[in-house]
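Here is a friendly walk through some packing and pairing in this structure. Have a look at it first, and then let us go through it together.

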Amino acid sequence: MGKRRGERELLRTLSKKQKKHLREFGEEHPFYDKLLLLLLLHSCFPFQSENSDKSSAESDSETEVEQVSVYHKLLATLKTSPESESEEDESETEESGQSEAEMDSEGSQEMGEAEGGEEDKNDVPEEEEGTTDTAEQTLGQEQDDGADTPCDPRHGVIEEFTDVKHESEFSLETNFMEEESGDCNADTRDSNPFKQHMDKELEEKEIEKMSTLPKTSSQSQWPRLGQLTFSSTLEKPKTLKADKEVDVKQLYLHKPLESTWPKVNKQFLSSVNKPSDSPFTPLQRELFCIMNTYRDLFYPERNALTNGEEIRHAYCLHALNHVLKANAQVLSNNAKRRDRKPGSDTDDYRDQGLTRPKVLMIVPFRECALRIVHIFINLLEVNDKKKIDVSNKKRFKGEFGSDPEEKPPNLKRPEDYEAVFAGNIDDHFRIGVAILQKSMRLYAPFYSSDIIIASPLGMRTVIGAEGEKKRDFDFLSSVEILIIDQADIYLMQNWEHVLHLVKHINLLPLDSHGVDFSRVRMQNLNNWSKYYRQTLLFSALQDPQINSVFNKHCFNYVGQVAVRNVPLTGSISHVVVQLPHVFRRLEAESITSVIDARFQFFIDKVLPEYRDAIMSHTLIYVPSYFDFVRLRNYFKKEDLNFTHICEYTKKAAVCRARRFFLKGEKQFLLFTERFHFYKRYTIKGIRNLIFYELPTYSHFYSEICNMMKATDNGVDATWTCTVLYSKYDAQKLAAVVGIDRTAQMLQSKKNVHLFVTGEN
C-alpha cells in the first residue's frame, strides 16, 4: 500500500505537461510501460515511500549506475522550459472538446516525419505510412507456413511473402479448360470486344502514324458523364452514344460474371428497381460502355463520398472480365495444342504476352486493395454453395485489414477526410493475384500473377532506379490494362513515383522468364504492347500533371475518352464568413517561369503590404513544399517574425506554432497544403489570409477561409484574403470562382475584388 501511495504522490507532484512528457518518453523508451517507469522513479527515490521494501533498496545499490543514467534521461524530459510552457498553454487554447488524448490520436495519423527534423530535409515526403497490430499478429500466427515477417515499410525494403506452394495449380501452361464450365467457346465470337481489340494486327505505317501525327478529337454530350472528348490518331474518332438500357448478355461478360454482377452491384441500385431493370447505375452504365470498347478513359470527378465505390466496382468488373477471357483463351488453346496433328501450324495459338501480368491496378492505400480483392471474390462466387478457393486469405485480411479499435476516439474531421483515410492507410504495398477458373491465389509471384495491385511507392521500390543491382520491371512488359485510381492523392504523396512507373510499363523484358515464344502475340514481339494497353485514370480533380500522364503516356490505338466538364459554380460559394477576396494576377512568359515569377511578385508587391505590425495574424497558404522551403529561407534571411507548419513538422512544434500565431507572438504563419490534407487542423487566429497559389483541392479554399470564424472576437476584426494566380491556373481558378468569372478574370489584367457574404 505504501508503495502505491508513494507512486500516487509522485504523480501529483508532476504538472500536466510533465505527465505528457513522461507518457511520450515512455512510448520510445525500452521500458515503455508507464508502470515500469513509475517503479523506476520510485526505486530512485526510496524516501518517497515510508514502507519501501528492503529488497528494493538492496536492488538499488546493485544497479545504481544503470538507474542513475536512466534517471538523468527522465529528469531531462521533466525539466520545464519556455517550449514546454508554451505547449502547456497551447493545450488550454485548443478547440472545446479536444483533449490530450485527441492530440495524441491525431499524431498517430501523422505522415512519415523526418527523423532529423524539418530543417534537415528539403525533399518532398514519400507517403502516408501506417501499420496495424492485426497484421503483425496474423504474420506471427502464420510463421509455421515458412513465411518471413515483412520488414517495416519505412525502411524502404519489404521482405515479401510469396505463395510458392500453388504454382502448378495456377499455371496457365499446364492446365486445361474444364469442359463443364462451358466457356471453351466464350471468346470465339467475332463481336467480342476483347477479341476484336487483342486480335487486331497493326501495320508499321499505322505505328509510325501514331508516333508522329497529332490526334484528332470530337465532342459529345452524355446524360450522366456530361461533356466528353473523343480523340484518336489512326482514324477520325467515332463518338459513342450512351446506351439508355444495357442488357448484360450484350456486354459479352465472361461466366460467371453475368449472374454475379447484378447481386454484387445491388447495393448501388435503387430499392424500387425491378429484376428486369439494368444492373448498372447510370454512371456505371456509361463508364462501362467506354471501358468495354477498350478506349483509354480519364474521369476527373471521382468522389470518395458519393461515387467512389460505384466506380471501383465498375473497373473491377472490367478487369476481371478481361482476365477471365484471356485465361480462358489460353486454356482452350492448350487443349487444342494437345489434340492437334503433328506438323500443323502453331501461329494460330498466339494468345499470350511476354509475361503473364495483364492488369496493373494502382491504388493509394491497403484498404483500397482489400476492397478490390473482396469485389473479385464476390464476383467469382456464383452462390453461397459454390465458394471459390482463395489461397492465403487469412494472411491477406491480417496484413491489409484494420482493427476497428485502432481508430482514435473523439476525432472531428470532414466527411471526405473520413472517407479517404478509412481503414488501413499504409501506402507501401504490392500483391500479385492469380485467377484460374474457380480459384484465386493471393500473394502470387509477379511472373505467375494475372493482376498486380500496388501503390506507387510499392512499385517504385521494386522497379528501383538506374544503377541499382536489385531492380525488376520485366513483369510490366505485357500489361494490357492499367488502372490508376484516386490519382489526386498521389499529388499529395509523391507524383514522381507515378511518372517513374508509367515510364517502365510495356518495355521489352531483359530476360525471357521461360516464355514459350510460339504462344506470344506478334504485337508483344514487335514491342508494340503500349499501343494495345488500355489506361483507366480516375481522379477527384483536373490537374495539369494528371492530364500530362493521360496525354503523353497513353498510346492506345483505339483512342481516348476524357470527361471535360467545367464547374459552373466554384467553392467560393461555400465560404460562410463575410470576407473580401482580392485576386491578384501575376504575369509569366511560360509555365516554367511562373514559379520564379510568383515568388518575385510576392516579395515585391504582396509581402510589403503585410510587413506592418497592424497586419498581424497573417496565414500564408503554400501548396508546393518547394515553394514553402523557398519562402521559409527568405523569411529567415529577412529576419521576419514568423513561424511555420509543414508535413514534416513534429507535433510539439505544431502546437507551439499554433499558440504563437493565435497569441500574436508571430506575425506570419507559413502553412503547407499537404499538412492540411493529412491533418485538417483548425488554425485559430487568422485575420489575414494569403493564398500563395490556388489550392489543388478547390474545397480547401472554402475550408481555410471558414477557419476565420473560429477566431475569437472575430466580429470586430477586419479580415482580408489575397489570392495570387496566373493565366496557367485556369483549371484551379475555375474550380474556385466558377467558369464565368474565370473567363472574365483571364481576359482582364486588373486585380479582381470579390466580396462573399456566404450566399453567393
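## The sheet and its edges

Strand 1 and strand 2 (residues 226-232) run antiparallel and are joined by seven bridges; strands count as paired if DSSP finds at least two bridges between them. Gly226 in strand 2 is the bridge partner of Trp222. Strands here are DSSP runs of E with at least two residues, helices are runs of H or I with at least four, and both are numbered from the N terminus. This is a predicted model, where local features need pLDDT of at least 70, side-chain atom pairs count only at pLDDT 80 or more, and totals for chains, interfaces and linings use all residues. Residues are numbered from 1 along each chain as its sequence is written, and side-chain values use heavy atoms, with hydrogens and water left out.

The pair belongs to an open sheet of 11 strands with mixed pairing, in the order 1-2-11-3-10-9-4-8-6-7-5. Strand 1 (216-222) and strand 5 (389-391) each have a single partner strand, so they form the edges and one side of each lacks a neighbour in the sheet. On average, neighbouring strands of this sheet are turned by 15 degrees against each other, direction ignored.

## Two helices side by side

Helix 14 (residues 366-380) packs against helix 15 (residues 393-400) at an angle of about 150 degrees, with the axes 9 Å apart. Axes are lines fitted to C-alpha atoms, for helices over the stretch in contact, and angles run from 0 to 180 degrees between N-to-C directions. The two helices are therefore roughly antiparallel, a term for angles over 145 degrees.

Which residues of helix 14 meet helix 15? They are Arg366, Glu367, Ala369, Leu370, Val373, His374 and Ile377, and their counterparts in helix 15 are Lys393, Phe396, Lys397, Glu399 and Phe400. Contact means heavy atoms within 4.5 Å.

## A covered strand

Strand 15 (residues 668-672) is mostly covered, with five of its five residues buried, that is, under 20% relative accessible area (1.4 Å probe, protein chains only). Phe668, Leu670 and Thr672 point one way, while Leu669 and Phe671 point the other way.

Strand 13 runs parallel to strand 15, joined by five bridges, and Thr618 stands opposite Phe668. Strand 14 (residues 642-645) also pairs with strand 15 in the parallel sense, over four bridges, and His644 has Leu670 as its bridge partner.

Definitions and conventions. Angles under 35 degrees count as roughly parallel, over 145 as roughly antiparallel, 65 to 115 as roughly perpendicular and the rest as oblique. Buried means under 20% relative accessible area, exposed over 50%, partly exposed in between (1.4 Å probe, protein chains only).
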